[in-house]
Amino acid sequence: MTLHRKEKEALTFLATHLFYGLAAGATFGIMVLATNMGNIWTMARESNHTVTVIALFFFGLFVTFGSVGMGVGIMSLGRDDENGDSRH
C-alpha cells in the first residue's frame with residue numbers, strides 16, 4: 001500500500017505535532033518528579049512498584065500532551081478569508 005503525497009504530508013504534520021506534545025509531556029513529567037510536586041516522587045519511590053507507577057504516570061502524560069499537540073496542530077490549519085468569515 002503506497003501513500004499519496006497529501007497523505008504523507010498529513011501524517012508528517014501529525015507526527016511532528018505529536019512529537020512536540022510528547023516532548024512537552026516528558027518535560028512536564030520530569031519537572032513534576034524533580035520538584036516532588038504533590039509528593040508524587042516520594043509516593044512512587046516508597047511504592048513496591050516504583051517502575052510501574054512512573055511508567056503509568058508518563059503514559060498518561062504522553063497520551064494527554066500528545067493529543068493536545070496534535071489537536072493544536074489541526075486547529076491551527078483553519079484560516080479566515082479576507083472578510084474574517086471562515087465559512088467557504
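1. Let's start with Arg5, which is exposed, with a relative accessible area of 57%; exposed here means over 50%, buried under 20%, and partly exposed in between (1.4 Å probe, protein chains only). Searching the whole structure turns up 1 salt bridge.

2. A word on what you are looking at. This is a predicted model, in which local features need pLDDT of at least 70 and side-chain atom pairs count only at pLDDT 80 or more, while totals for chains, interfaces and linings use all residues. Residues are numbered from 1 along each chain as its sequence is written, and side-chain values use heavy atoms, leaving out hydrogens and water.

3. Now the overall layout. The protein chain has 3 helices and 0 strands, and its elements run α-α-α from the N terminus on. Helices (H or I, at least four residues) and strands (E, at least two) are DSSP runs, numbered from the N terminus. Buried residues make up 16% of the 88 residues in the protein chain. The accessible surface comes to about 7,000 Å², with 66% of it belonging to carbon and sulfur atoms; such areas come from the Shrake-Rupley method with a 1.4 Å probe, and for residues only the protein chains shown count as cover.

4. Why do Arg5 and Glu9 sit about one helical turn apart? They are 4 residues apart in helix 1, and that gives the separation of about one turn. An α-helix has 3.6 residues a turn, so residues three or four places apart point the same way.

5. After helix 1 comes Asn36, with a positive phi near 55°.

6. What makes up the largest nonpolar core? Its 5 residues are Leu33, Ala44, Ile54, Phe58 and Leu61, and helix 3 (residues 50-75) gives the largest share, 3 residues. A nonpolar core is a set of buried Ala, Val, Leu, Ile, Met, Phe, Trp, Tyr and Cys residues joined through side-chain atoms within 4.5 Å. Leaving aside neighbours within four places in sequence, Ala44 is in contact (heavy atoms within 4.5 Å) with Thr50, Val53 and Ile54.

7. Apart from neighbours within four places in sequence, Phe62 is in contact with Leu22, Gly25, Ala26 and Ser67. The C-alpha atoms of Phe62 and Ala24 are separated by 8.5 Å, although the residues are 38 apart along the chain.

8. Finally, Leu3 has its place in the segment before helix 1 (5-35) and is partly exposed, at 34% relative accessibility.

Definitions and conventions: Salt bridge = Lys/Arg side-chain N within 4 Å of Asp/Glu carboxyl O.
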